[in-house]
Each structure stands twice: as structure tokens, then as C-alpha cells.
Amino acid sequence: MSKKQCLLVRYRDFLPVTPQTPIITIGEGDTPLVRSQRLEREIGCGELYFKLEGCNPTGSFKDRGMVVAVAKAVETKNSAIICASTGNTSASAAAYGAVCGLTVFVVVPKGNIALGKLAQAIVYGAKIIAINDNFDKALELVRALTQKHHIALVNSLNPHRIEGQKTAAFEIVDALGDAPDYLFIPLGNAGNITAYWRGFVHYKQAGKAKSTPRMMGFEAEGSAAIVRGKVIPNPKTVASAIRIGNPASWEKAVAARDESGGVIDYVTDEEILSAYKLLAVKEGIFGEPASAASVAGLIKKAKSGTDFSKKKVVCVITGTGLKDPDTALQSAHTLPEIPADLETIEKVIAQG
Ligand code: AN7
């Protein structure tokens, strides 16, 4: 078994890593790119792959950017970091802040982050500030706070976050030998689509890829600010991670779309939940609802006539489904209690 170098070392030539940057890691990056077993044929793709970002140490893609942002915060002598979050950023900031001994403040919309993410922030020891408002307001507040106080902002407005997150595009090219034809990705605050696009472009410029993919970003219908071309004051969707009405990297996402010949569209909650279940039952992949927006987007485009039959397609599965047990359990039937004897269980099995 080969032992890979950590992300900051492996891609140091493409990252803002200097001799003064502390090399930290808790095992981020190098996530699996798995070939679809069943949906590839059912949707009608030439080749379909899933990039499993839920396999990062805190269960989402945020760790790639956070390792860079936190290393740079330590390098510039910050002793505290802060972020606004729909959940995953706070879990990641809490973990990387913990390993570096920093004080971590996370500002989250009260009652509106998935249970697993809150559990992570608690156990990693972050100071949790739950506000009676949404993510967009939380981000506005942390931006104002970091202008007044010497606390490092680790949202994706921090350019180091984007730099780190672009490494996922590098890994896809390294695995496939070139860029895919299409990259489907959920879109919330629009940092990740910006990061992937930058990664694909940088790799092509460095001669490591011949092409770049069309960037296909999907917002949730109830928070589709970019698609509708206006800020959504009260964003709504079952996919709490992307319940964002005023994406911080709006213009950069639009540039990624236009420069790549891609699309930014939305998917409904119904389409998200349907893709969420399909991924699990057809592929054995349990992503969180927001993650399923990429697959829902692919299904939507295939149904409306885009021909993927000779195309290489990658869907980014941005976070693990274990983060959001509530959504998972909502679709469960009540479990009947069965007496613990062989005969009864045999009867149940016989019913299939
Ligand atoms: C699983 O954690 O914004 O478009 O505060 O957790 O880069 O925002 C999370 C976003 C997709 C959207 N999938 O990415 C946060 C946060 C998952 C996510 C997105 C998020 P961006």
C-alpha cells in the first residue's frame, strides 16, 4: 500500500504554501472517484463517476479548503478563527482549529443546521453562536466582526479556502488522465464551483490536462438566487447546506459557467430527495441531501434531452448522509417490533 503525502505537501506547487506555513493534516483529500454501477446505464452516460467528498475527515469537501485557511491563519499569528455556516464549514473549522489549538467561533442559523454537523462542532470544542436568522445574515455579521477584530475569517470569502478546494479538480484529472466532459456540483454559497473551475483551469495551464469540463451548478429551487438573478431573502429547501439566498461568490460562479460553456440551474426538493434515495439504493452511496443536487441536476438535464451517451460525467457528492439523520429518518416507515424467535423472523424473510 502506498502512503500518500498530505494535501498541503502533495499540491504545494499549486497552493499558497511557504516555508513558514505549518504543514497540518487530519487526512483530508485523496477521496475516492468511483465509477457508477447502475445509474450510468439508467441515465445514459458514457461514463459516470462520483467524487466522494464525504470521505474527508469531517465528512465534507470543506476540509480541503479549511486545511489551507487554518494553516495560513496560524502562519499569520491568529489565535482565533470564525465562520458563518449552514453546518459543514463549522464542523471543518472546528476540527482544524482544534488541531492547531485555536479558538473557534461558529455562527449558525438556529435550528437550521443538520444534527450531525452541530454534534461535530460541539465535540470539537467550538464556541457556537446560534442566531435567530439565516446563513446570509450570519455571513454578514462575521464579515463585519472580522473587520473590527483580529480573528481570521474562514468562510470561502477567504481566498485560501478556494485554493485548497481546487485540489479536488486536480484529483479528478489525476484519476481520469484528463478532465471529464461535464462536472455536476451543488451550489450554495458558490465557493466550490469557483474552486473546481480554478483547479481545472490551473491544471490545464500547467499541462496536466488537455481540456476543461463544462461546469454544471445546481441550486435548490427555493434558494435559487443565481438562476433567478436576485437575492432570495428567505431561502427554503430540504437541503439545509445550500439554503443560501445571497451567494458570496455569485459573480465567480457565473464566470465559471460562462467560461466553461456550462449551466447554472435549479432542482426542486422533490428532485433532490429522489436523487438522494437513488444514490443510496442504486449505488450504495449515502450523501447528504445537498450533495444529491448534483445527481438531481444530471437526471434533469438527461430527461430534458442533453445527450450524455458518449460523455464522461463526474458528480461531486459533497458531504456524507450521516450528517443529516433527520432527513434520512423522515422517509422511514415505522419499524414494527418483532418477537425474537426464529420462526417469526423466517416468516418476515419469506415475504421478501
Ligand atoms: C454538503 O457549510 O455553505 O457552493 O456553511 O455543505 O461552496 O457553498 C456549505 C455548503 C454543497 C455548497 N454541499 O457549496 C457551509 C456551507 C454541501 C455543503 C455546499 C455546501 P458552496
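The shell around the ligand, in this predicted model, is made up by class of nine nonpolar, eleven polar and two charged residues, where Ala, Val, Leu, Ile, Met, Phe, Trp, Tyr, Cys and Pro count as nonpolar, Asp, Glu, Lys and Arg as charged, and the others, Gly among them, as polar. Because the model is predicted, local features need pLDDT of at least 70 and side-chain atom pairs count only at pLDDT 80 or more, while totals for chains, interfaces and linings use all residues. Residues are numbered from 1 along each chain as its sequence is written, and side-chain values use heavy atoms, with hydrogens and water left out.

There are 22 residues around the ligand, and those that come nearest are N88, T89, N189, N192 and T318; a residue is near a molecule if one of its heavy atoms lies within 4 Å of it.

| Residue and part | Ligand atom | Distance |
|---|---|---|
| N88, side chain | oxygen | 2.7 Å |
| G191, backbone | oxygen | 3.2 Å |
| T318, side chain | nitrogen | 2.7 Å |

On its own the ligand has 470 Å² of accessible area, of which the protein covers 98%, as found by the Shrake-Rupley method with a 1.4 Å probe.

The space taken by the ligand is the largest cavity, and a molecule sits in a cavity if more than half of its atoms lie within 2 Å of its grid points. On a 1 Å grid over the protein atoms alone, a cavity is a set of points where a 1.4 Å probe fits but cannot get out, a pocket is an open set with protein on both sides within 12 Å along at least five of seven lines, and lining residues have an atom within 4 Å of a point.

The largest cavity holds about 300 Å³ of space. Its lining has 26 residues, with F61, K62, G188, N189 and A241 closest to its centre. Helix α9 gives the most to this lining, with three residues.

The largest pocket has a volume of about 260 Å³, a volume being the space filled by probe spheres set on the points, which are joined across faces, edges and corners. It is lined by 18 residues, of which G111, N112, I113, A114 and L115 lie nearest its centre.

Terms used: A polar contact is a pair of N or O atoms within 3.5 Å; within protein, one must be able to donate a hydrogen and the other to accept it, and residues adjacent in sequence count only if both atoms are side-chain atoms. Helices (H or I, at least four residues) and strands (E, at least two) are DSSP runs, numbered from the N terminus.
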